[in-house]
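Colleague: Please take a close look at one part of this model for me. I would like the place where two chains meet.

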Amino acid sequence: MLEVQGLRKVYKSAGRSGRSGQREVEALRDLTFTVDTGELVCLVGPSGCGKTTLLRCIAGLLEPSGGKVSLDGREVNGPSPGLAMVFQEYGRSLFPWMSVRDNVELPLRQKKLPRERRVELVEQALEAVGLAGTESAFPWQLSGGMQQRVAIARAVAYEPSTLLMDEPFAAVDAQTRADLEDLVRALWQRLGVTVLFITHDIDEAVYLGQRVVMLSSSPTVVQDEVTVDLPADRDQLHTRADPRFTALRTHVYEQIQAAKLGAVSQAAPRS
Amino acid sequence: MRGLAGLAGLLLIVEALPRFGLVNDGYLPPTSRIAAALGDEVVTAEFWQAVGDTLTGWAIGLAIAVAAGVVVGIVIGAVPVLRAATASTVEFLRPIPSVALIPLAVLLYGTDLGSTLLLVVYAAFWQVLVQVLYGVADVDPIAEETARSFRFGPWARIRNVLWPTALPYVFTGVRLAASVALVLAVTAELVIGAPGLGKMIAVAQTSGAVPDMYALIAVTGLLGVAINLAARVFERRSLAWHQSVRGEVPA
Amino acid sequence: MKRLAYVLGLPVVLFAAWFVISAGSENFYAPPLSRILESFGRTWTLDRLQADVLPSLWRLIAGYVLASVIGVALGVAIGLSRGLRATVEPVLEFFRAIPPPVLVPVIMLFAGIGDGMKIIVIVFGCVWPVLLNTVEGVRAVDSVQLDTARAYGIGGPARIRQVVLPAASPQIAAGLRQALSIAIILMVISEMFAASNGLGFTIVQFQRSFAIPEMWSGIILLGLLGFALSLLFRLAEGWVLRWYHGLRSVTKGR
């Protein structure tokens, strides 16, 4: 279970205008939400809403300025072994000097797992993402979609309780994206992990999630959240044609628009 | 700020090591004595003559090397057949250490400026040539084909496509060549005895004037830093100009 | 076939031209190539190679390896620490700017004229390009790669060995390549200054005794050595950095 309570992040940057000294930028104002164990939650927000900041705080890569994040009941203050992350920039997050196998295996070696177990996990993970047979290739020899599959395999092999995905499919083409979305749903159902999936794509959020949390523009608060009451068995063709799907995406879309407008008009804080 | 502290730290260490007897002060005199020796040197005409000689060899050698490197590079680069035919020769000649030519320089020119120039030009030439060849290889094939499709002649293609692309590389080559040229100029003076700072270092060494030797070495280092900085500023300025000009020309 | 012609064509032409033009040369300093080649065989016998070339090579390799290890180790330490880097950077720039051969007289004071002196000279001259390039490479490691390592609990020595060093390796290789040519220069120069054997020493001896064809043969041998070492380096680099060259050709092609 992932709990985010009153999370706040303020960046201090040296003022560019000279004498003003330090300038403070409030990226996250006050964020509270939870993801229950085994749940798949999607976070959507307008671009520049501090999604990446939030994710880095949850992953323990960034120290929050206030509030706290806890994972499975323990407060996060540094990267935790129960959490695996899939980055948006797959090309930069996979190590180009290592084969696919070594990329997936490296974190396991760090966990000091015995060799047989590592081999087994790597094999299973690559099998699960449909990449069996590419073990000795370098990641850059694969297509973008396949590279992101390697990154997902690396996360899965790590055996986390929680999987964090930061706009993982923003840089792949539409066809590949649909395949990868189905892969994420299938892995989630099979492994029973908790998944927090961040995206800017409203359709993707509604298609994937059990719940969608909408963020406001920066400084970010939770704008709204909605439970996706679509059947658990989803597929690209029928789910997306479902009137309920359309209704949900309209709702999310309106909320995001409202969040954007709120930012533009600098409206008073909503109740 | 911290950088200044680092430099101050270095000076302090050099002062302290011999003072506390950790290093024989006949081998490494304290900073203060090196500074005093430097103070004595910089008021002599001989010192400035040596600096002038070194810089003369450096400048003439660099100018010849840059001119030759650019011309040869563009000619080779513009003609694909030449590029293919010379590749192996360039690869063979480039790694030949320039100091291998020292005996030859001594025989041909003795301790004249010519010895210095031979070494400087040889070493600096390759730096420029290789960069120009990289630059030519970087020409966008589409730009080249566009120029061809508009029936640009060879000269127009060189002027409008090849040269603008290669220019940043030329500047890099000049910057690299500038520091290599200084190294070789001082080396030639030191080993062969051509007039200049290197020769003064050799003289200081043989006459046991250790503080003077350190002072002169520091001067060559400062000269090197100055040349590096100047070359970098020159490169950046020229490239800024280059980009702004390119920005104004409709692509 | 055509490629081979391109690779060998010009060298053969140049060589033939030298041979023909110098054939009747009466110039004392530029003897006919035939005589140089003849003296090459006569001069560089197995004994000579053992007595002069092997010691040179040993100094070169010892100094170069030491400089590489020191340069990479210090470079990683400095590259990873912003404060340290800001403090020592000007000092390093100064040391790098000193023409390495002027260190020979200084190091002779400390280490005499033995093998130790020559190795220290090579280390002192070669360490700067390796060091500064390593610092640059370490500083430029991709932030996403570092985040990935942190997120997956890869820290400490494993982070340096598995992430930082490989990520910086193309830049480190550039430094090592520069250092190699400096190493050869310093080997020759330190031997010209004070030695009783070695390639640099022998060539200067030939020059002083006006054994011109022998001197030329020494220059050619030195050239061949430089070429061979840079070829070896390129092969080694191509193997170690094959991922990098592959990656580059892929991203360039796109």
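Modeller: Two residues are in contact if their C-beta atoms, placed from the backbone, lie within 7 Å. The model is predicted: local features need pLDDT of at least 70, side-chain atom pairs count only at pLDDT 80 or more, and totals for chains, interfaces and linings use all residues. Residues are numbered from 1 along each chain as its sequence is written, with chains lettered from A and ligands numbered from 1 in the order in which they are written.

Now the interface. Chain C puts 42 residues in contact with 41 residues of chain B. Six elements of chain C give two or more residues to this side: helices H1 (2–22), H4 (82–97), H5 (103–111), H8 (156–193), H9 (199–208) and H10 (212–240). Helices are DSSP runs (H or I, at least four residues), numbered from the N terminus. H4(C) provides the largest share, ten residues. By class, the side of chain C that touches chain B has 32 nonpolar, eight polar and two charged residues. Here Ala, Val, Leu, Ile, Met, Phe, Trp, Tyr, Cys and Pro count as nonpolar, Asp, Glu, Lys and Arg as charged, and the others, Gly among them, as polar.

Next, a helix pair within chain B. Helix H3 (45–78) and helix H4 (80–93) of chain B pack at about 115 degrees, their axes 5 Å apart. Axes are lines fitted to C-alpha atoms, for helices over the stretch in contact; angles run from 0 to 180 degrees between N-to-C directions. H3(B) contributes B:Val75, B:Ile76 and B:Gly77, and H4(B) contributes B:Leu82, B:Arg83 and B:Thr86. That contact has three nonpolar, two polar and one charged residues.
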